[in-house]
Amino acid sequence: MKRLFIYMAVFSGVALTSCNDSFLEKSPVTDLTEENAFNSYDNFKAFMWPCYEMFTNNTIRTSLAEFGQNGQYKGDMDAGYMEEKYESGYNKFAYQTVASAASGNGWDFSTFIRRINIMLSHIDNSEMKEDEKEHWRVVGYFFHSYWYMELIDRFGDVPWIDQVLQEDSPEAYGKREDRMAVADKVLERLQWAEQHIGNFTSLDGENTIDLNSIRAALSRFTLREGIWREYHELGDYEKYLEECVRVSELLMKDYPTLYAGTDGQPAAGYGEMWTTEDLSTVPGIILYKSYVAGINPHGACYIEHTSSHYVEMNQKTVDLYLMKNGKPILGTGSGYHGNKDMYAVFRDRDPRLYHTVIPPYRVQAGKGDYATWSYTDNEADREYIDIMGANTSCSNPGIGMKRLPGQNWSASLVPEIPRLGTGAFVTCRSGYYVWKNWNNWETNFNNGNLNTADKPIFKMEEVLLNQAEAKFELGAFDQGVADNTINKLRNRAGIARMVVADINADFDPNRGKYYPKGNDNGILVDPVLWEIRRERIIELMGEGFGIYDIRRWRMAPWFLNQPATGLWMSKEEASANGMTLYNPATGYSDGTNGSMAEGYIFLFNDPIKEGKGWQDKYYLYQVPTTEILLNPELEQNPGW
């Protein structure tokens, strides 16, 4: 039976009032006030349930607040891994169109921090037992720390608020505290929570904050902060990476197995992580969001069957995927089949690509019934239908994860992929249509949220990648570490294992660069580290981690200061689909009268040739200007 992870709000709609000495302002004795509402364990539980909404907060790029271009894809779109399919969908960081923030921008100390501090301030005076008091202090520290992880990542220096502020509280008008000092406080609180968490599952319910949720948050935070400190030259980063290794190893012992999946497709366990009805029994899942029909369904699958899904992948990102033999496409002995058509591009590639982008195919629509189909006379058109499995009845797909051919929400056939354009359902300009949440078993209805596939919040795949990266930065990455981390992911995906000794400077001729402060030319990433980072990008593709990763690595220019292109096509094919070709000589479209006979589909202009590109100030968010007006002690981040 599916375990619920639904946000109860017994108190969330109730304003808590404080007692005062004015007779006219006194509340009736039956009203909930801060003085009478925090007595029992259930009081605290009800008050804290809304904090689980952090996992669906839309300012956190890994959140599950919305889906499609406004959901967990957004962080990877900001990173340049993906983009919107429309001509106006260029990357705001690459083209320097980031709007000035008068308010918002994630600068928020009231929604969650105030609630948590109110709860913490009432623990000691409650009627709970000592171990119950300790438990709620742990839960409060967890959520306080989780939100501060985001604040630190966005703004660097931030005020440290660990008490309930009043209008006249001097802390409300203080300066921003040094990032490293705040991060150390977050680390201290999470470590304390790890040491003091009790087993209150019987009272809180399954799929709530527990020891391993705290360790997963520690693994994420310590890697993020440690790498930021290292590559942004702040110093004192080793203790964070060592802590990442410690907690990651503990989680690896508790979760030794990854989910293999049940569907029989290549890399089924990878794909089913986002398309499974019930994640409660799935190996490697630490915490997840549960969706239940009639209570809190979503539309993640539905939206990807419609013309409202804007998310596509570009050629540069597709080229990051390895061949099944573990070689980069430009590496020696890769066996890459070339870029001349989509069938060749996808052939013998990492199967995780097939679960992220719809593979190519072509079928014939049935006569008199658009929802039926048959194979074409060209056997090559069914190559990826045979790999992914046939959707035997588009009108009633019923079972399975991802099947070909596809159909829209009403079962109308998608007769071919690539399907270029911006208007009809299941179309995109690049040819690489993203379908991570798509499956064939969920009910879809126009403008209706009926989907119930659970979605992961913390899972072991991320922890393994955290461990591999932290180990490398500490000088401790070897074949044994690779086998316990990267190769577990590759074994499940069905591609060749990483052999560390084989990775040298020539392994990938197109490996990325990072850009230390003051170095506009960039430095090539260590070849082994590049393969670790590549694995992270691919395994977590479409989950929102991108904008965090490219900023902490100081690699944003490499990912964003390049033109975004689509499939390779002849000029005739492109013109027939209303597209033009990208001209690398000019950095712009070759146009309808251009001289190019073939090339990559043009999506957006070259940002560098336009005099644009990533700016260093984007590594930190702008402090909202209204906040500085309210509190002149707040200093703006550099460049804003």
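1. Two rings of Phe, Tyr or Trp form a pair if their centres lie within 6.5 Å, the six-membered ring being the one used for Trp. By this rule, ring pairs join W49, Y52, F55, F142, F143, Y146 and F458 into a cluster. The model discussed here is a predicted one.

2. The structure as a whole contains 44 aromatic pairs. One of them is formed by W49 and Y52, whose ring centres are 4.8 Å apart and whose planes make an angle of 35 degrees. This pair counts as tilted, because planes under 30 degrees apart would be stacked and planes over 60 degrees apart would be edge-to-face.

3. Are the two partners of this pair buried or exposed? W49 has a relative accessible area of 7% and is therefore buried. Y52, at 6%, is buried as well.

4. The charged end of R115 is placed over the ring of F47, at 4.3 Å from the ring centre. Likewise, K617 lies over the face of W640, with 4.3 Å to the centre of that ring.

5. The cysteines deserve a separate remark. How many disulfides does the structure contain? The count is zero, since a disulfide would require a pair of cysteine sulfur atoms within 2.5 Å.

Methods
Residues numbered from 1 in each chain as written. Predicted model: local features only at pLDDT ≥ 70, side-chain atom pairs only at ≥ 80, totals over all residues. Heavy atoms only, no water. Buried < 20%, exposed > 50% of the residue type's maximum accessible area, 1.4 Å probe, protein only. Lys NZ or Arg CZ within 6 Å of the ring centre and 35° of its normal.
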